[in-house]
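Have the viewer open as you read.

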Amino acid sequence: MSRLLHVAARLPAILASLALFILMVMTFCDVILRSVFNAPIEVAADMTRLLMAIMVFSVLPVVSAQGGHISVDLLDGFFKRAHLTRWRNAFTDLFCGVILIWPAMRVFVLAERSRSYGDVMEYLRLPLHYVGWFIAAVTAITAAVLIVRGLGHLFAPKLMSSLNA
Amino acid sequence: MLEGLLGFAAVLVLVMLRVPIAFAMGFVGMVGFMIETSFRASISMTARLIIDTSQDYGLSVVPLFILMGLFVNKAGISRELYAASNAFLGHFRGGLAMATIVACGGFAAISGSSLATAATMSKVAMPEMRRFGYSDRLSTASIAAGGTLGILIPPSVILVIYGLLTETSIGKLFVAGIIPGFIGILLYLAAVRFIVWRDPEAGPAGTRTSSSERLSALKDVWAVLLLFFLVIGGLYGLFDVPPLNLSFSPTEAAGMGAMGAFLIALARRRLSLAATFDALRETAMTAASLFAVLIGAWIFSNFVNIAGLPNALSNLVTAYDLPPWVVMGMILLIYIALGCVFESLSMLLLTVPIFFPLVTGLGYDPIWFGIIVVVVTEISLITPPVGLNVFVLRAVVGDVPTATIFRGVTPFWMVDILRLLLLLLLPGLVLLLPSQM
């Protein structure tokens, strides 16, 4: 299980890293081409948007799976002393996962709507609903990951603590 | 007004249950918005924000600046920055602690995070100060305090988030942080001098460095200093003269900075393929969690606005005929109180949507307020009981009790308050540089 997670965690990270690297090199080239040769990369702004979406959303399930979201650990000691940590973790993960379901569904609906309008990116001419589909799918995966994590805390606490360690 | 306050309380409860701050704010914002409008409108607003935020051109500064800091870090520049400032300051009494402050300032010029600055510098500076018999109190405190400069001296992740939340120019915010950052360094240096004047044993003088050694120490850091000059200068418009005609948007400045840092690290042969991948992956993960938090904060702030909380607050101010400086004083007290328990980013996200409209309504400059908020946040990073920088240091150093660090930090904390008063009384210190842009 943990091996499988490790392998699964690699792929999104590689995709995100690649997107970020391209973003960096492209921004650099755009500035140089624009100022030295007066020939900016026309699709740069569209590409930036696309690469950002890929970068952020491909690692979002990984961040969630690893419990990497920014949170306040002020009462950690209290929960530990009261032996409630497991229940609290189960609650927070299930809670976060469940509240993501509706936005994920609506993102899909919005993507479908933009498909019916035939919206495309201004310079890149890429249909916008591809991006929408991608975001909807990843948001749904993130919700699923969080719910699985929450259930894990409830039914397989040993496995969860070995994963977190 | 009541809905807004209840919402705020609900976020606090959820956050205390360790619900990630993005989800806590997003959920409360969603439910609150739903009560004010309808289920459909609320979910649509949320979905729109998720789609738009991830494809926001302006947001690309976030990962690019983080990446720049990580690349420079991988190039081992923190060690060299410390060596260089040590070469010039080490022979004074308390010199190693002063060198720590200056090196923190230099590192802050590339890194946008206070925690990263403190963590990095403690690995480099702590062993040196121990070797020369510095008291644990002075050495840990100088790193914890110097580390706070990370979020004020540009680039700064906190300032980027503030700029995005309030639609204030990120370039101007960065430039506005320069003078207060310098004042911070100078006052911290004065605090070190004060400590060793009171207790000469705390920081004995190190060995004097010859001028040729000084020169060679400088050689190791010039590239990074040049990179900072290029990035911030480009943002400021320094090179916008013929024949260069080079001026950067924040995204472009960040892209140039990241690429420059990448090339510097490559040239020093400190960057393997694995290390590059590491930096990219770490950046993407950090950026993703920051984006989640931003989306949550936006949902929450949409709710707070539709519930009329900022309006109600400003009505309250008019009703009681409060002078602006009293309101500002109250806001700052709230910040310092919140800072005692909250981590800096959470505090910023929770408070800015509520206070920003009030403060600008009173006629305060949005850029100035941004810098003030960051300075207060810096103070909160070294204020007990939850001074995050102190905990970072405690974790890295290991054998110094938290109480000792907090005691050592007190003089630094006091000069921080002094700096805050200075910036409150003389807004020109903040606004001089950005007004020239």
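## Helix 1 of chain B

In this predicted model, the buried residues of helix 1 of chain B are B:Gly4, B:Gly7, B:Phe8, B:Val11, B:Leu14 and B:Val15. Looking down the helix axis, you will find these buried residues within an arc of 130 degrees, so they line one face of the helix. The face turned away from that buried side carries B:Leu2, B:Leu6 and B:Val13, which are exposed.

What lies over the buried residues? The cover includes helix 4 (85-117) of chain A, along with helix 2 (21-36), helix 14 (273-306), helix 15 (309-319) and helix 17 (344-361) of chain B. Just after helix 1 of chain B comes B:Arg18, with a positive phi of about 70 degrees.

## Where the chains meet

Between chain B and chain A, about 5,300 Å² of area is buried, and carbon and sulfur atoms give 79% of it. B:Arg18, B:Phe23 and B:Gln55 supply 14% of the area that chain B buries against chain A, more than any other three residues. In terms of contacts, 61 residues of chain B touch 58 residues of chain A.

## Polar links and contributing helices

The interface of chain B and chain A has 1 salt bridge. A:Arg34 pairs with B:Glu252 in a salt bridge, their closest N and O atoms being 2.8 Å apart. There are also 6 residue pairs in polar contact across the interface of chain B and chain A.

Elements giving two or more residues to the side of chain B that touches chain A include helix 1, helix 2 and helix 13 (250-267) of chain B. Helix 14 of chain B gives the most to that side, with 13 residues.

Key:
Residues are numbered from 1 along each chain as its sequence is written. Chains are lettered from A and ligands numbered from 1 in the order in which they are written. This is a predicted model: local features need pLDDT of at least 70, side-chain atom pairs count only at pLDDT 80 or more; totals for chains, interfaces and linings use all residues. Side-chain values use heavy atoms; hydrogens and water are left out. Buried means under 20% relative accessible area, exposed over 50%, partly exposed in between (1.4 Å probe, protein chains only). Helices (H or I, at least four residues) and strands (E, at least two) are DSSP runs, numbered from the N terminus. The arc is that of the directions from the helix axis to the C-beta atoms. Contact means heavy atoms within 4.5 Å. Buried area is the accessible area (1.4 Å probe) that two parts lose on being put together, summed over both. A salt bridge is a side-chain nitrogen of Lys or Arg within 4 Å of a carboxyl oxygen of Asp or Glu. A polar contact is a pair of N or O atoms within 3.5 Å; within protein, one must be able to donate a hydrogen and the other to accept it, and residues adjacent in sequence count only if both atoms are side-chain atoms.
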